[in-house]
Each structure stands twice: as structure tokens, then as C-alpha cells.
Amino acid sequence: MAILYPEPSHTFGEYLLIPNLTRKDCTPDQVRLDAPLVRFRDGETSAIRLNIPFASAIMQAVSDDAMAIALARSGGISFIFVSQPITRQAEMVERVKRFKAGFVVSDSNIRPEATLQEVLALRGRTGHTTMAVTADGTPNGRLLGILTSRDYRLSSTALTERVGDLMTRLPDLIYGKEGISLSEANDLIWEHKLNCLPIVAPDGTLAQLVFRKDYAEHKENPRELVDGAKRLVVGAGINTRDYRERVPALLAAGADALCIDSSDGYSEWQADTIQWIHKTYGDAVKVGGGNVVDAEGFRFLADAGADFVKVGIGGGSICITREQKGIGRGQATAVIEVAKARDEYHRETGIYVPICSDGGVVLDYHITLALAMGADFVMMGRFFARFDEAPGRRLRVGGTFVKEYWGEGSNRARNWQRYQHNGQSLAFEEGVDAYVPYAGKLKDNIDSTLDKIRSAMVSCGAVSVCELQKKARITLASAVSIREGGAHDIQLKENEILPTS
């Protein structure tokens with residue numbers, strides 16, 4: 001008969017942390033959140049260490065080059081989504097590696113033949129009032145001018161007016177030449193009281209833009225994750241189908257780490273992919289595998305040479321694998337078992353293989369629980385999909401702003417390679433197409449989340465992720481105690497009632 005696990009599997013929301021003694025030297029400013037990304041031997045250090053234990057999910061709605069840049073500047077890593085043509089994914093990797101703080105690629109561009117009506121439509125989609133006018137309407141086309149909200153009046157300018165007649169033309173613009181330093185660019189902005197400074201290449205094409213409003217963000221970020229050449233670190237997703245063509249292109253573009261994107265990593269296809277990469281490129285190329293939910297799955301991928309292993313099946317907010325196929329496991333239980341297997345593998349071999357908790361995070365404290373239970377870092381989709389830097393459109397629905405968010409197993413993503421078996425596409429979806437509440441900029445939100453994690457670690461008497469894993473005390477909570485943990489038996493104020501005169 002089938003093997004039956006008598007104990008139920010649990011989610012993060014069913015657990016709480018028990019406080020430990022908080023030492024006087026254990027304060028939030030002393031807490032370190034760095035973590036290993038890839039395997040290493042005893043006496044060595046991981047070739048790539050994250051400055052914060054965060055990775056963004058390998059999803060169309062989450063991880064493109066804009067997200068990769070923003071997250072690397074905050075200390076984490078993005079794995080750019082694989083469900084796209086190889087050349088396009090490689091271009092995204094290249095853009096991250098070419099990024100220089102303060103210089104941004106224009107993402108609101110328009111042709112001179114376009115009308116004001118088209119301008120307003122673009123403004124509605126992006127929220128940007130400053131637009132580069134290029135000959136072909138692309139981010140790196142020949143620059144003809146700049147259009148801002150000061151160039152037209154909605155009350156009197158006809159919607160049929162052409163952009164070419166409204167814009168400030170290139171001869172009348174102050175611009176910088178490609179190769180200019182950020183300091184020099186900012187000097188021009190302040191000297192000429194500009195809001196935006198175009199950077200133009202020698203052939204007249206638009207290279208980047210520098211904005212006055214971003215000046216404060218141009219200061220060096222102390223958590224920025226960079227390689228030996230001071231370029232931002234970026235990962236890329238791969239699959240088990242076209243990896244022989246995709247991997248060389250991604251490595252040529254500068255990808256620092258690869259990760260197989262799959263709903264089920266306990267497969268011979270993943271072992272073949274990992275072993276081919278290491279046989280072809282040696283140990284210098286780092287590749288993670290997954291997803292798994294038990295010790296056997298972890299051991300299989302670790303023995304195959306995976307540099308890290310992702311844990312979690314069906315726990316993502318956008319995922320319906322459990323509902324459709326009945327496959328998966330409660331995320332907390334999966335992390336706990338795989339962490340034990342990781343530690344046992346370490347004792348046997350002297351090799352530490354980091355594990356990533358992928359999915360199941362609903363509240364910020366769930367991240368702390370995942371780390372305490374043994375995860376070295378967490379991968380999140382919904383968390384990052386809410387931000388400006390995510391690819392999904394920002395829309396107004398029901399009076400509130402939301403961002404589009406869809407699963408890789410949804411019909412919209414059409415990422416059937418992720419679920420194919422033996423070349424046969426599945427006839428049903430394992431993900432949905434939805435919205436998440438819009439939350440603004442990544443940095444503003446991630447700093448708040450990190451503050452909560454540091455505070456919780458202090459209560460656990462830990463100043464590092466490693467110490468948290470050794471010292472954390474965790475209790476299973478009843479449904480009643482979970483309810484007790486929130487506001488209860490009170491009437492919450494909706495609005496402050498002001499006294500009448």
C-alpha cells in the first residue's frame with residue numbers, strides 16, 4: 001500500500017517564535033542578514049553571499065531587469081524569468097550587468113508622430129509624465145526631444161496634436177554625453193534647474209536618463225550586492241528543455257547564478273540538466289534546483305550537484321497545484337524536513353548546500369519563521385509583484401490601485417515547458433491570473449520588512465541568520481491562540497471623530 005505520513009503538514013501561520021534572552025549587545029543595528037546562496041565546503045565561504053536573504057521568484061509578473069536592479073541594490077537577488085525567448089532573457093541580464101546607479105533606461109518612450117491622446121494613454125499605463133521622444137519610439141532610438149506635462153494643457157490642447165509639435169526639441173535641450181559621470185550629470189541638473197537629463201550616445205541615440213528626484217537614491221547603497229567588478233549580481237531561470245542553448249547565452253550575458261524553474265524538482269530531467277552544466281562549465285557556474293518538499297528530493301538534487309535547493313510545492317498565493325493535482329506539502333513542514341536533510345548531508349560530506357524556502361509567505365514574520373526553521377533565504381512572488389519595479393501593470397480597480405500578478409502555471413504565462421512531461425503539454429492550469437494590492441517602491445517596503453525581521457531576531461537572542469537557526473524556539477499554535485494574536489474583542493476606529501464646536 002501507499003506510504004502514509006500520519007502527522008499533518010503545517011504552514012508558517014501555525015507557528016510562533018518563543019523569546020530567548022535578549023543580550024545587551026543584541027540590538028537591531030547589530031543584526032546581520034547575510035546568507036550563502038551557493039554550496040561550499042567546510043573551511044571555505046560561499047562563492048556568492050546575499051546581503052539580505054531575499055530572492056524574487058522566477059515569474060513573468062515578478063522578475064525582469066527592473067526588479068533585478070532594484071533588489072540587487074537592496075542586497076538580494078532576482079532570477080530573471082525563463083518563459084521568454086533566449087535572446088530577450090539574455091538582454092535583460094545584460095541590462096542589469098550594465099546598470100550604473102543613477103542612470104536609468106527610459107521606459108516611457110513615444111514617436112514624434114504620436115498624438116496627445118496616445119501620450120495620455122502611455123501616461124496612464126506607466127504613471128510617468130516625462131517621455132523621451134525617439135525616432136522609432138524605443139528606449140534607445142535616435143533622440144529627437146523630450147515631452148513633459150509642461151508642454152501641453154489638458155484643458156486646451158487638442159488630443160490630435162502631434163508630439164513633434166509639442167515636445168522640446170533636441171537642439172533646445174540640455175543633455176549629457178555618454179560616458180559622463182553621475183556627479184557631472186547631477187551638476188548639470190542643478191546648474192540648469194532640470195528635472196530630467198538625457199544622456200546621448202555619439203551616434204545620437206538615447207543611452208539613459210538621469211532624474212533630479214532620484215538624487216537621494218544615487219548615494220551608495222551599503223547593502224548593494226555586486227560582483228568582483230562592482231556590477232550588480234543577477235540570476236536567471238532555466239528549464240530542462242532548451243538549457244543547452246539557453247545556458248551559454250545567459251552566461252555570455254553575465255548571469256551570476258542559474259536556477260531551474262520547475263513545479264517538481266525531484267526528477268531525472270533536473271539531474272541531467274545540472275550534471276550537463278557542471279560537466280560543460282565546471283564548478284564555476286552555479287545552478288540551483290527544485291522544487292522539493294522532503295529529504296529524498298533534497299538528497300537527490302544535492303547528489304546531482306545542485307548548488308542550492310528550492311523548497312516548496314503549491315504554497316504560493318498564485319499556485320493551484322495542490323488544488324488541481326493534490327501534490328504538495330505544508331511549507332513549514334517541508335522546510336523543517338529539508339533543513340534536517342541539509343544538515344545531515346553537511347555532516348556526512350563536509351559540503352553545505354543552502355536551501356531556499358519558496359512560497360507560503362503571507363505575513364512578514366513568516367520570513368523570520370522560514371529562516372528559523374532552517375532556510376538560508378526565501379524566494380517570494382506576491383511580495384515583490386506589488387511594487388513599482390515589477391513588470392505587471394498598475395491599474396485602478398474598485399477604487400484602489402492594484403498590480404497585475406499571474407502564475408507561471410496560468411494560461412496567461414503559457415509556460416508549459418515548466419510542466420511538460422516527455423514533451424506533452426498539460427491540459428489544465430496550475431496557476432491563476434489575479435491582482436495584488438499596489439504597494440509603491442521596493443526599497444520603502446523592503447526596509448520595513450527587514451526592520452521587522454531584525455526586531456524578531458533580537459527577541460530570539462540572535463544577531464545572525466545562522467545563530468537564529470541554532471537558538472530559535474518554535475511552538476505550534478492552536479487556532480484560538482492565532483486569533484488571540486491579532487486585534488480581538490474590540491471595536492476598531494475607522495476614522496478619528498473630531499469634537500463638534
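The side chain of H10 comes within 3.5 Å of the backbone oxygen of P8, in what is a predicted model of the chain. H10 itself lies in the segment that precedes strand β1, which spans residues 15–18. A second polar contact, of 2.9 Å, links the side chain of H10 to that of E14. Is H10 buried or exposed? H10 is buried, since its relative accessible area is 13%, and a residue counts as buried when that value is under 20%. Once neighbours within four places in sequence are set aside, the residues in contact with H10 are Y15, G330, Q331, A332, T333 and L476.

Among these contacts of H10 are Q331, A332 and T333, and helix α10 covers residues 331–349. This helix has 19 residues and reaches 26 Å from its first C-alpha to its last, which is close to the 27 Å expected at 1.5 Å a residue. The buried residues of α10 include Q331, A332 and T333, and also A334, V335, V338, A339, A341, R342 and Y345. Just after α10 comes G350, whose phi is positive at about 75 degrees.

Helix α6, made of residues 243–253, also has buried residues, namely Y243, R246, V247, L250 and A253. Because these residues cover an arc of only 130 degrees around the axis, they lie on the same side of α6. As with α10, a glycine with a positive phi is found just after the helix, and for G254, which follows α6, the angle is about 110 degrees.

The last topic is the cysteines. A disulfide is a covalent bond between the sulfur atoms of two cysteines. How many disulfides does the model have? The count comes to zero, where a pair of cysteine sulfur atoms would have to be within 2.5 Å to be included.

| Cysteine | Nearest cysteine sulfur | Distance | Relative accessible area |
|---|---|---|---|
| C356 | C259 | 7.3 Å | 0% |
| C460 | C26 | 9.0 Å | 2% |

C356 is in no disulfide, because the nearest cysteine sulfur, that of C259, is 7.3 Å away, whereas the rule asks for a pair within 2.5 Å. C460 is likewise in no disulfide, with the sulfur of C26 at 9.0 Å. C356 is buried, with a relative accessible area of 0%, and C460 also counts as buried, at 2%.

Definitions and conventions:
Residues numbered from 1 in each chain as written. Predicted model: local features only at pLDDT ≥ 70, side-chain atom pairs only at ≥ 80, totals over all residues. Heavy atoms only, no water. Buried < 20%, exposed > 50% of the residue type's maximum accessible area, 1.4 Å probe, protein only. Helix = DSSP H or I, 4+ residues; strand = E, 2+ residues; numbered from the N terminus. Arc of directions from axis to C-beta. Polar contact = N/O pair within 3.5 Å; in protein donor to acceptor, adjacent residues only side chain to side chain. Contact = heavy atoms within 4.5 Å. Expected span 1.5 Å × (residues − 1).
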